[in-house]
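Here are my notes on this one, as promised. I went through the pockets, then the helix packing, then the aromatic rings.

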Amino acid sequence: MLKNHTHLHHRKELALIDEKIITLVHQRNTISGEIGKIKFEGKTKIKQPEIWNAHSQIRNSKIQRLKLDQKMIGKIFKSIHKESIKIQKKVFKDLKKNEK
């Protein structure tokens with residue numbers, strides 16, 4: 001019975017972590033939209049590879065320290081970054097439409 005209780009406890013912990021991940025992704029997407037507005041107003045390009053590369057190096061160091069699967073975490077961040085670009089492109093499109 002104790003084993004089953006522990007199993008259920010861990011499942012609940014994972015569910016809470018999943019909820020936190022979802023909330024963090026939502027917060028990140030909101031910030032990406034705000035950054036899109038700033039980039040639009042400053043006439044800055046959406047894609048800034050130098051910033052992406054700098055952040056990737058910092059992330060990679062932490063990934064190595066925590067002994068996580070670099071490939072898996074890389075896929076996650078590429079997907080998150082792709083979504084951020086999509087959000088910022090939509091912001092640009094909406095703001096251009098409002099200028100007319």
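By class, how many nonpolar, polar and charged residues are in the lining of the second largest pocket? Point 2 has the answer; keep in mind throughout that this is a predicted model.

1. Let's start with the largest pocket. Its volume comes out at about 480 Å³, and 17 residues line it. Nearest the centre you'll find Ile21, Ile73, Ile76, Phe77 and Ile80. Helices H1 (2-41), H2 (49-65) and H3 (70-99) are the elements that each give two or more residues to this lining. H1 supplies the largest share, with six residues. Sorted by class, the lining of the largest pocket holds 13 nonpolar and four charged residues, with no polar ones.

2. Now the second largest pocket, and the question above. Its lining splits into six nonpolar, six polar and four charged residues. The volume here is about 380 Å³, with 16 lining residues. Those nearest the centre are Arg28, Ile51, His81, Ser84 and Gln88. H1, H2 and H3 are again the elements that give two or more residues to the lining. Here too H1 gives the largest share, in this case five residues.

3. Next, how H2 and H3 sit against each other. The two helices pack at an angle of about 145°, and their axes are 11 Å apart. As for handedness, the crossing of H2 and H3 is right-handed. On the H2 side, the contact is made by Trp52, Arg59, Asn60, Ile63 and Gln64. H3 brings Gln70, Ile73, Phe77, Lys78 and His81. By class, that contact has four nonpolar, four polar and two charged residues.

4. Ile73 and Phe77 of H3 take part in the contact with H2, and both are listed among the residues nearest the centre of the largest pocket. His81 of H3 is in that contact as well, and is one of the residues nearest the centre of the second largest pocket.

5. Last, the aromatics. The count comes to one aromatic pair. That pair is Phe40 with Phe92, in an edge-to-face arrangement: 5.3 Å centre to centre, with 85° between the planes. Phe40 belongs to helix H1 and Phe92 to helix H3, so to speak a link between distant parts of the chain, 52 residues apart.

Terms used:
Residues are numbered from 1 along each chain as its sequence is written. This is a predicted model: local features need pLDDT of at least 70, side-chain atom pairs count only at pLDDT 80 or more; totals for chains, interfaces and linings use all residues. Side-chain values use heavy atoms; hydrogens and water are left out. On a 1 Å grid over the protein atoms alone, a cavity is a set of points where a 1.4 Å probe fits but cannot get out, and a pocket is an open set with protein on both sides within 12 Å along at least five of seven lines; lining residues have an atom within 4 Å of a point. Grid points are joined across faces, edges and corners, and a volume is the space filled by probe spheres set on the points. Helices (H or I, at least four residues) and strands (E, at least two) are DSSP runs, numbered from the N terminus. Ala, Val, Leu, Ile, Met, Phe, Trp, Tyr, Cys and Pro count as nonpolar, Asp, Glu, Lys and Arg as charged, and the others, Gly among them, as polar. Axes are lines fitted to C-alpha atoms, for helices over the stretch in contact, and angles run from 0 to 180 degrees between N-to-C directions. A crossing is left-handed if the near helix is turned anticlockwise from the far one by less than a right angle, and right-handed if clockwise. Contact means heavy atoms within 4.5 Å. Rings of Phe, Tyr and Trp (its six-membered ring) pair if their centres lie within 6.5 Å; planes under 30 degrees apart count as stacked, over 60 as edge-to-face and the rest as tilted.
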